Amino acid sequence: MAAEDTASTRLGAGRQHLRPLKRRGLVLLRLTAIVFAVLLFCEFLIYYLVIFRCSWPAVKTPADAGGLGTPEPVLRAMFLADTHLLGAVRGHWLDKLRREWQMERAFQTALWLLQPEVVFILGDVFDEGKWSSSQAWADDVGRFWKIFRHPPHVQLRAVAGNHDIGFHYQMNTYKIKRFEKVFNPERLFSWKGINFVMINSVALEGDSCDICSGAEAELLEISHRLNCSREQEHRPQECGDRQRLPASAPILLQHFPLYRRNDANCSGKDAAPPDEKYTPFKERYDALSQEASRKLLWWLRPRLVLSGHTHSACEVLHGAGVLEVSVPSFSWRNRNNPSFIMGSVTPTEYALAKCYLPCEDTVLTTYCTAAGGLVLLTLVHAGLVASPFHFGWNMLRKFKTT
């Protein structure tokens with residue numbers, strides 16, 4: 001009997017010793033599950049929850065107005081700007097990791113949910129293209145195609161920005177060709193009866209340099225082709241046998257915005273901050289010159305202009321009511337609330353809508369709140385802090401007794 005009592009005592013002591021270990025294991029499992037859930041939400045799910053609210057805008061077609069004939073095809077185009085992929089010189093590894101992961105998740109989620117047919121990036125694709133070496137450029141390009149990978153049926157086009165090839169005094173033929181080797185060099189892109197003209201803004205300096213003269217000559221040729229497409233029924237002899245373009249006013253895509261004094265008339269939650277709105281724009285630095293802007297509007301007669309460069313949103317009417325939309329930056333590095341533009345476009349009409357991405361401070365606040373909760377749970381389990389539930393229950397009982 002004594003031996004049996006001793007064995008029972010030892011067994012009971014062993015069970016009592018295992019109970020704290022089981023409790024610790026359960027607590028550790030719960031903490032791990034909370035950490036995993038927060039990471040899953042902040043790094044994946046939040047992009048689906050936010051972008052899911054975006055939808056393609058409805059565009060009017062002749063069929064909608066009671067017209068006869070086949071409805072015009074609608075092209076779904078996505079416009080984003082100023083991704084600024086960091087380079088080898090100024091790019092801290094943590095900054096690269098955080099901001100590039102944000103852009104990758106945002107872009108891939110938008111592709112999956114919204115199914116665009118074409119994506120346009122309005123310049124400053126890279127942050128250090130203006131001075132990067134051949135090896136650094138190759139590394140940056142490789143990271144770009146990983147972040148912005150897309151299926152073959154989706155076209156991706158980009159225009160050059162000042163960070164891609166440098167400002168006018170830094171620009172040269174080598175940098176331009178290097179950029180055009182990655183992205184299609186065509187200035188004129190037509191699809192579904194819609195003409196897009198993609199401008200090298202940096203080359204519109206107006207000082208007759210070789211690159212600038214060549215860019216203007218190319219734009220004049222495009223202007224002639226567009227005019228022929230519009231007036232081919234009235235003046236067919238002037239157009240000759242050249243390939244005809246769709247008879248549609250073009251959409252102008254460029255990095256620098258057309259000339260405006262400042263952002264004073266821009267509004268919205270992603271417009272420039274109040275302390276920057278009234279800062280005068282420098283021609284050929286913050287915006288195109290007045291002369292270059294007049295030439296583009298006169299030569300190309302666009303129905304819509306989209307630009308980047310300022311990292312903030314703005315809508316401006318030029319000339320005879322031509323709308324220009326400045327697209328904010330796509331990266332957390334340049335703003336807390338990045339976004340992109342969704343366009344439903346036909347040969348005669350267009351409709352635009354803005355799609356916001358998750359705000360960086362929302363993600364940081366979620367992480368900080370979760371970290372505080374984890375610390376509190378750990379302290380409660382260790383007995384260093386009273387459980388908030390028991391504390392509240394005791395306070396309620398005291399309140400009832402009084």
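These are my notebook entries on what I looked up in this predicted model.

**Ground rules.** I count residues from 1 along each chain as its sequence is written, and the side-chain values I use come from heavy atoms, with hydrogens and water left out. Since the model is predicted, local features need pLDDT of at least 70 and side-chain atom pairs count only at pLDDT 80 or more, while totals for chains, interfaces and linings use all residues.

**Entry 1: the whole chain.** I started with the inventory: the protein chain has 11 helices and 11 strands. Both are DSSP runs, numbered from the N terminus: helices are H or I with at least four residues, strands are E with at least two. Of the 402 residues, 45% count as buried. Buried means under 20% relative accessible area, exposed means over 50%, and partly exposed is in between (1.4 Å probe, protein chains only). I also looked at contacts, meaning heavy atoms within 4.5 Å. Among those between residues at least 6 apart in sequence, 74% join residues at least 24 apart.

**Entry 2: the six-stranded sheet.** I traced an open sheet with the strand order β4-β5-β6-β7-β9-β8 and mixed pairing. Two strands pair if DSSP finds at least two bridges between them. Which strands stand at the edges? They are β4 and β8 (314–318), each with a single partner strand, so one side of each has no neighbour in the sheet. On average, neighbouring strands here are turned by 20° against each other, direction ignored. For angles, axes are lines fitted to C-alpha atoms (for helices, over the stretch in contact), and values run from 0 to 180 degrees between N-to-C directions.

Further in, I followed β7 (residues 304–307) and β9 (residues 322–326), which pair in the parallel sense over four bridges. Ser307 stands opposite Ser326 in β9. Helix α6 (residues 210–231) packs on this sheet and touches β4 and β5 (194–198). The direction of α6 makes about 170° with that of β5.

Is His318 buried or exposed? At 9% relative accessibility, His318 counts as buried. Not counting residues up to four places away in sequence, His318 touches Leu258, Tyr259, Leu297 and Glu324.

Entry 3: Strand β10 (residues 339–345) has seven of its seven residues buried. I remembered that in a regular strand the side chains alternate between the two faces of the sheet. Checking each side of β10, I found Ser339, Ile341, Gly343 and Val345 on one and Phe340, Met342 and Ser344 on the other, all buried.

Strand β1 (residues 75–80) pairs with β10 in the antiparallel sense over five bridges, and Arg76 stands opposite Ser344. Seven bridges join β10 to β11 (residues 350–356), again antiparallel. Here Met342 faces Ala353 as its opposite residue. β10 and β11 make a hairpin with four residues between them.

**Entry 4: aromatic rings.** How many aromatic pairs does the structure hold? I noted 20. Rings of Phe, Tyr and Trp (its six-membered ring) pair if their centres lie within 6.5 Å; planes under 30 degrees apart count as stacked, over 60 as edge-to-face and the rest as tilted.

Trp145 is partly exposed at 32% relative accessibility, whereas Phe183 is buried at 2%. Another pair, Phe189 and Phe196, is stacked, with 6.0 Å between centres and 25° between the planes. Phe189 is buried at 4%, and Phe196 is buried at 0%.

I also checked for charges over rings (NZ of Lys or CZ of Arg within 6 Å of the ring centre and within 35 degrees of the ring normal). Lys269 lies over the face of Tyr356, 4.2 Å from the ring centre. Arg105 lies over Trp101, at 5.6 Å.

**Entry 5: the cores.** A nonpolar core is a set of buried Ala, Val, Leu, Ile, Met, Phe, Trp, Tyr and Cys residues joined through side-chain atoms within 4.5 Å. The largest has 47 residues, and those touching the most other members include Leu80, Phe144 and Phe183. Leaving aside its neighbours within four places in sequence, Phe144 is in contact with Leu85, Ile121, Val125, Phe126, Leu156 and Phe183. Apart from this core lies another, of 21 residues, among them Phe79, Phe120, Ile251 and Val345.
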